[in-house]
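Come along and check each entry with me.

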Amino acid sequence: MKMRFEPGRGLTGEVRPPPDKSISHRAALLGAMASEPVRIERYLHAADTDSTLEAVRALGALVELRGEEVIVRGTGLREAREPDGPIDVGNAGTLLRLLPGWLSAQEGRSFTLDGDESIRRRPVDRIAEPLRQMGAELSARNGRLPPLTVHGARLRAISYELAVASAQVKSCVLLAALAADGATTLGEPARSRDHTERMLLHAGVGIHRNGRHVTVVNTDELLLDRVSVPGDASSAAFLVTAGVLVPHSRLLLVDVGVNWTRTGFLRILRRMQGIVLGDLEDETGELLREEPKSDLDVAHGALEGTIVEADEVPLAIDELPLVALLGCFAEGETIVRGAQELRVKESDRIAGVVDGLRGLGADIEATDDGFAVRGKGGLHGGTIDAHGDHRLAMMGAVAGLASKEGVEVLGIEAAAVSYPTFVEDLARLCS
């Protein structure tokens, strides 16, 4: 489906972003692994997170929907049911990469994970390697692509160093470690999202951080009774960007998750002189149980170019397309380095962003691990193809509101994967 987004005359009003997708995935999975019912407040009901609910149902968990609340009655840590056929992960990369951690500990049972055409292009070798070291047996198409089959086993604790900072790979290993013999230590070259660690701490698991290493001790059960899901910082970032770029805008985003490992984009935007006021969580170096929330006050203003280095990328990975869009309107050059992970998302996001924005009039070029944008004061407009990628679809819509002539987005329906009411919220804020 295609939709045209005309230049906006200012976005004003208050909006509550949808519930956090990353936290919703994890809450459903840990709920399925728990022995007692887990209440999830403000669960995100979207294509990807609904795939997670269907997956845990297939594994024996009972799922009850009560409006925005979901109640999961799990099987316990080691009692997942072996389904009759493949588990369909849809287009949910988080589910594809986290679920095998739990399944690897289901001794004597086998599970196959498959999904849509896009998911079959998402590599799984980075989760397979540590799980094999722990004792599980995994097989994949061409050794690295779905369908992925996991043969559960008695797992042993390991010490493992991630070559690339990835919250998904880290979380997969941490979930497997819950049922391994002993304590597992995982090192990452840079900090990544820590939602899994916080939720495990909340569930009574012995877990601690020492610098760039996280250690988790095996456990018999998870004691997680309730999870409250804040507004999604990544979804909010598209509204923030629209508020900063469209003249005469003033927005209030309420109850946004401001976990330090999710606000990398906001720190980059502030460095570009973007006007975003809110109480962001400070880095402490310690593991915390709670997910902090804050309101964000956003206003239009002039921007300056910046350089995003590799150590900043893991904490802004999903919002980097927006950094490229901001760079089109900023004074000077904006460069992103160390973002090769973008090439294995729902699409090759580096190619998608560069080709898409160039088609709208941007002076932008791709590099092996990122891109460089030279600000020209804005974009003319045109047509952009989302290629089935929800973040490219939303970026195109925001680009249209900020452009001189408007933008037609091909595949705007992809936005519903993480933000079901995105188009409606933009329309309301523009009216």
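**Entry 1: cysteines.** I looked up C430 and found 28% relative accessibility, so C430 counts as partly exposed (buried means under 20% relative accessible area, exposed over 50%, partly exposed in between, with a 1.4 Å probe and protein chains only). C328, at 2% relative accessibility, counts as buried. I then searched the whole structure for disulfides and found 0 (a disulfide is a pair of cysteine sulfur atoms within 2.5 Å). The sulfur of C328 is 19 Å from the closest cysteine sulfur, in C430, which is too far for a bond.

**Entry 2: ground rules.** I noted that this is a predicted model, where local features need pLDDT of at least 70, side-chain atom pairs count only at pLDDT 80 or more, and totals for chains, interfaces and linings use all residues. Residues are numbered from 1 along each chain as its sequence is written, and side-chain values use heavy atoms, with hydrogens and water left out.

**Entry 3: helix 1.** Helices (H or I, at least four residues) and strands (E, at least two) are DSSP runs, numbered from the N terminus. I checked helix 1, residues 21-33: its 13 residues should span 18 Å (1.5 Å times one less than the number of residues), and its end C-alpha atoms are 19 Å apart, which agrees. I also saw that 13 of the 13 residues are buried, so helix 1 is largely enclosed by the rest of the structure.

Entry 4: I found an open sheet of 4 strands in the order 6-7-9-8, with mixed pairing (two strands pair if DSSP finds at least two bridges between them). Its edge strands are strand 6 (87-88) and strand 8 (137-141). Strand 6 pairs with strand 7 (residues 110-114) in the parallel sense, over 2 bridges.
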